[in-house]
Amino acid sequence: MLIDRLEPLLRFHPFTRLNALLQDLTPGGSGAPLLFSVGEPQNAPPPILHTELDRHAGSWSRYPPAVGTPDFRAAVGEWLMRRYRLPAGLIDPDRHLLPAAGSREALFMIALSAVPEARGNGVRPAVLMPNPFYHVYAGAAAVAGAEPVFLPATRETGFLPDLDALDRDLLDRTALAYVCSPANPQGAVADLAYLQCWIELGRRHDFVVAFDECYAETYTEAPPPGALEACAALGGDLTNVMVFHSLSKRSGAAGLRSGFVAGDPRLVQRQAQLVNFGGVAPPLPVLAASAALWRDEAHVEAGRARYRENFAVAAEILGDRFGFVRPAGGFFLWLDVGDGEAAARRLWAEAGVRVLPGAYMARPDSTEGGNRGPGDRYIRVALVYDAATTAEGLRRLVAVLDDAPIAAEGGSAHTVAFGDKA
Ligand SMILES: Cc1ncc(COP(=O)(O)O)c(C=O)c1O
């Protein structure tokens, strides 16, 4: 069965591993436990979300089409044109884009439509992805029957895979490559030239490049460039390119399950066919609320201001500890603590601070030697709270990892079970 292909990966699911790692511990510290483990913004989404859902409540009874509504497609098309300064005509909303029930499902499905049974001469296709990476890429590659190939994205490579290190044989058997910018977990942002290189490689070696841009709106200074912008710079052709966007991070609306895909019309059409047979088309009220969110920038700017404040707090509290650098994009700290798993256990047990060991987002890698991986030394800390809570959590973190006594009494036992689920 196809699902059996996931079996070997189940033990790698990051949050299952985290729950197992911490299950024998009770969260310590005097204050409430703080969950910095999941990339789920904790601020309330903007009121237009509710008003639009209510205004369109009459259409909950209707089946939504896989291609969404003309209004949703228009809102997204206009946003893409504005955000990436695309030339007129590059995006035809009726051919080049499609709603998605969150970007996770779409990122999974792209493997089903991009990976053939075999590449020439019966060779098993490869799916490339950065290492560390968002776990869905590996699950999608496995179910599609491809070999996942993990490309080191370490401090030495600027936290993005080094394209010059890819050999021709590998590129020839590649069916799909996932590129994540801003990168989860490290926050690295690819420049336009880097995105162009991926697109050119994909076209030269005939593979699809899936650009995961779901953190595109969370940045410190300049807006990160996107792959559609790179297509425009290369002459406007969208062949072999798909971009993935989401309201989960941009609008703090992870529960809405709303995103979109855009790019190569052939791939967009296949994605719609997959949804028609076995996927989820976002409901009509969700599409209406989503269109309103894509048209509004004020709440997004407010979100960016919050993350900037959080990073300023982090800079002040962490200083130069744990290799802290303010990332160009995203809302994660990627901290080199020596042993990420040990740190995560201590932080939960001694301070009630829940973080994700970097190893749970990576695979052992021959370049690291033995059974070691590029995430082993790290923890990922999601700065998803307000500045005051961020400060509280980071002070507790520093106190534990600096081996100083934690300020308050500590040790209160909490009986609530905390299971991360994303
Ligand atoms: C890199 C990356 N891509 C995609 C997603 C999926 O987000 P959603 O399905 O909520 O749009 C996530 C969620 O955490 C993510 O971190």
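**Exercise 1.** How many nonpolar, polar and charged residues are in the lining of the second largest pocket?

*Solution.* The structure is a predicted model, in which local features need pLDDT of at least 70 and side-chain atom pairs count only at pLDDT 80 or more, while totals for chains, interfaces and linings use all residues. Residues are numbered from 1 along each chain as its sequence is written, and side-chain values use heavy atoms, with hydrogens and water left out.

A volume is the space filled by probe spheres set on the points, which are joined across faces, edges and corners.

Step 2 is to sort the lining by class, with Ala, Val, Leu, Ile, Met, Phe, Trp, Tyr, Cys and Pro as nonpolar, Asp, Glu, Lys and Arg as charged, and the others, Gly among them, as polar. The lining of the second largest pocket then holds 13 nonpolar, 3 polar and 4 charged residues.

Step 3 is to locate the pocket, whose space is about 370 Å³. Of its 20 lining residues, Leu-6, His-13, His-135, Val-136 and Gly-139 lie nearest the centre. The elements that give two or more residues to this lining are α1 (7-10), α6 (103-114) and α7 (136-143), where helices (H or I, at least four residues) and strands (E, at least two) are DSSP runs numbered from the N terminus. Because domain 1 (2-44 + 299-403) and domain 2 (47-295) both contribute lining residues, the second largest pocket lies between them; the domain bounds come from an automatic or database assignment.

**Exercise 2.** Describe the largest cavity and its lining.

*Solution.* A search of the whole structure finds 4 cavities of 30 Å³ or more, and the largest cavity holds about 80 Å³ of space. It is lined by 15 residues, the closest to its centre being Pro-130, Pro-132, Cys-180, Ala-183 and Gln-186. Strand β5 (residues 174-180) supplies the largest share of that lining, 3 residues. By class, the lining of the largest cavity has 13 nonpolar, 2 polar and no charged residues.

**Exercise 3.** Is Thr-174 buried or exposed, and with which residues is Thr-174 in contact?

*Solution.* Thr-174 lies in strand β5 and counts as buried because its relative accessibility is 0%, where buried means under 20% relative accessible area, exposed over 50% and partly exposed in between (1.4 Å probe, protein chains only). Contact means heavy atoms within 4.5 Å; leaving aside neighbours within four places in sequence, Thr-174 is in contact with Arg-119, Ala-126, Leu-128, His-205, Asp-206 and Phe-207. The C-alpha atoms of Thr-174 and Arg-119, 55 residues apart along the chain, are separated by 8.1 Å.

Methods
1 Å grid on protein atoms, 1.4 Å probe; cavity = no way out; pocket = protein on both sides within 12 Å on 5 of 7 lines; lining within 4 Å.
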